[in-house]
Amino acid sequence: MTQVSMTVNGKAVSGEVEGRTLLSGFLRDSLNLTGTHVGCDTSQCGACVVHVDGVAVKACTMLAGEAEGTEVTTIEGMANPDGSLSTIQQAFQDHHGLQCGFCTPGMVMSAAALLQDNPNPSETEIREYLEGNICRCTGYHNIVKAIMAAAGQDVSKIAAE
Ligand code: FES
Ligand code: FES
């Protein structure tokens, strides 16, 4: 067992982990931040996306030990300081960008990373960026719509479903 320390959602945290412990496992099992979902554990579904030092990362592809000293943001850290939904979260709600909600934390974290890098993405750029995020409810149309809305775009221009 080794000790890891990092900042998660602005708070300093530490814990004992095995060498094989994934960041997704540390967040969920040690910190009880279960908003980071695990759909595959094999880097395919994107349900576990978090931000590590501002970059979108699939938390099941990173060992907890590799996150030593980093700043991690999970879906629990995405709300506004007053507890209200962030712009992206609100857009997902307003545009029905979720059905069962399993993929939603990863979708929101990926969308936030996209808009950070490209505040005005085209529909095609959004679809391409979300290549690593799978929605088993196949709600992609409204997810794309929500991200366009969060970017302040006219969602009536989105291609028909
Ligand atoms: S659980 Fe990490 S990509 Fe699926
Ligand atoms: S809303 Fe169900 S998996 Fe995407």
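Which residue stands opposite Ala12 in β2? Thr7 does. I will come back to that pair after some ground rules.

This is a predicted model, in which local features need pLDDT of at least 70 and side-chain atom pairs count only at pLDDT 80 or more, while totals for chains, interfaces and linings use all residues. Residues are numbered from 1 along each chain as its sequence is written, and chains are lettered from A and ligands numbered from 1 in the order in which they are written.

First, the overall layout. The chain has five helices and five strands; these are DSSP runs numbered from the N terminus, with helices being H or I of at least four residues and strands being E of at least two. In sequence order the pattern reads β-β-α-β-β-β-α-α-α-α. The radius of gyration is 16 Å, close to the 15 Å that the globule rule gives for 161 residues, so the chain is as compact as a globular protein of that length. That radius is taken over C-alpha atoms, and the rule is 2.2 Å times the number of residues to the power 0.38. Along the principal axes, the C-alpha atoms fill a box of roughly 55 × 35 × 25 Å.

Now back to the opening pair. Strand β1 (residues 2-8) and strand β2 (residues 11-17) run antiparallel and are joined by seven bridges; two strands pair if DSSP finds at least two bridges between them. Their hairpin has two residues between the strands, and Asn9 there takes a positive phi near 50°.

Next, the domains. Domain 1 covers 2-75 and domain 2 covers 87-154, with bounds that come from an automatic or database domain assignment. Their C-alpha centres lie 22 Å apart. Across the boundary, 15 residues of domain 1 are in contact with 11 residues of domain 2, contact meaning that the C-beta atoms, placed from the backbone, lie within 7 Å. On the domain 1 side, the elements giving two or more residues are β3 (49-52) and β4 (55-58).

On to the interior. Of the 161 residues, 42% count as buried. A residue is buried if 20 or more other C-beta atoms lie within 10 Å of its own, exposed if 12 or fewer, and partly exposed in between, with C-beta atoms placed from the backbone. The largest nonpolar core has 46 residues; such a core is a set of buried Ala, Val, Leu, Ile, Met, Phe, Trp, Tyr and Cys residues joined through C-beta atoms within 7 Å. Helix α5 gives the most to this core, with seven residues. The core draws at least three residues from each of domain 1 and domain 2. Ala111 is among the residues with the most contacts inside the core. Leaving aside neighbours within four places in sequence, Ala111 is in contact with Ile88, Ile147 and Ala150.

Last, Ile158, in the segment after α5 (140-150). Is Ile158 buried, exposed or partly exposed? Ile158 is partly exposed, because 17 other C-beta atoms lie within 10 Å. Not counting residues up to four places away in sequence, Ile158 touches Glu123, Val144, Lys145 and Met148.

Terms used
Contact = placed C-beta atoms within 7 Å.
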